[in-house]
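Please look at the sequence and the structure as they come up.

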Amino acid sequence: LSVDDPVGAHLPEWFADEPDLRIHHLLRQTSGLADFTVLPAAEAIEADPDAGIGDCIDLADAAPRRFAPGARYAYSNTNYT
């Protein structure tokens, strides 16, 4: 891995269509990804004993981006998830 790798190169099922999103954006909280923990559907995931990490990423991936990768800082639990 390199921090300059596109996230989609390692997680193509979610981010293959976002070539500008890099690993360093996730680490620096500059990805623009929504925080899945505050999205309305997060409660259903939390209540489902069969839900996994992929369900959280699915939720965040479906949410609109808050800004373009690298444009600004905003903490998001999704970045580390």
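This is a predicted model: local features need pLDDT of at least 70, side-chain atom pairs count only at pLDDT 80 or more; totals for chains, interfaces and linings use all residues.

I shall begin with Arg66, which is partly exposed, with a relative accessible area of 38%. For these terms, buried means under 20% relative accessible area, exposed means over 50%, and partly exposed lies in between, with a 1.4 Å probe and protein chains only. Residues are numbered from 1 along each chain as its sequence is written, and side-chain values use heavy atoms, with hydrogens and water left out.

Arg66 is found in the loop between H5 and H6. Helices here are DSSP runs (H or I, at least four residues), numbered from the N terminus. Setting aside residues up to four places away in sequence, Arg66 touches Gly32, Leu33, Ala34, Arg72, Ala74, Tyr75 and Ser76; contact means heavy atoms within 4.5 Å. The C-alpha atoms of Arg66 and Thr30 are separated by 9.9 Å, although the two are 36 residues apart along the chain.

**Two residues of H6**

Let us turn to helix H6, where both Asn77 and Thr78 are found. Are they buried or partly exposed? Thr78 is buried, with a relative accessible area of 4%, whereas Asn77 counts as partly exposed at 27%. Leaving aside neighbours within four places in sequence, Thr78 is in contact with Leu33, Ala34, Asp35, Phe36, Ile57 and Ala60. Thr78 and Thr37 are 41 residues apart in sequence, and their C-alpha atoms are 8.0 Å apart in space.

Next, H5. Its residues Cys56, Ile57, Leu59 and Ala60 are buried. They cover an arc of only 155° around the axis, and therefore lie on the same side of H5; the arc is that of the directions from the helix axis to the C-beta atoms. As a reminder, an α-helix has 3.6 residues a turn, so residues three or four places apart point the same way. The buried residues of H5 pack against H2, H4 and H6.

Which residues form the largest nonpolar core? There are 9: Ala34, Phe36, Leu39, Ala42, Ile45, Cys56, Leu59, Ala60 and Ala63. Such a core is a set of buried Ala, Val, Leu, Ile, Met, Phe, Trp, Tyr and Cys residues joined through side-chain atoms within 4.5 Å. H5 gives the most to this core, with 3 residues. One of the core residues, Leu59, touches Phe36, Leu39, Ala41, Ala42 and Ile45, not counting residues up to four places away in sequence. A second, separate core has 8 residues, including Leu21, Ile23, Leu26 and Leu33.

**A buried loop residue**

Finally, I would draw attention to Gln29, in the loop between H3 and H4. Gln29 counts as buried, at 2% relative accessibility. Its phi is near 60°, a positive value in a residue other than glycine.
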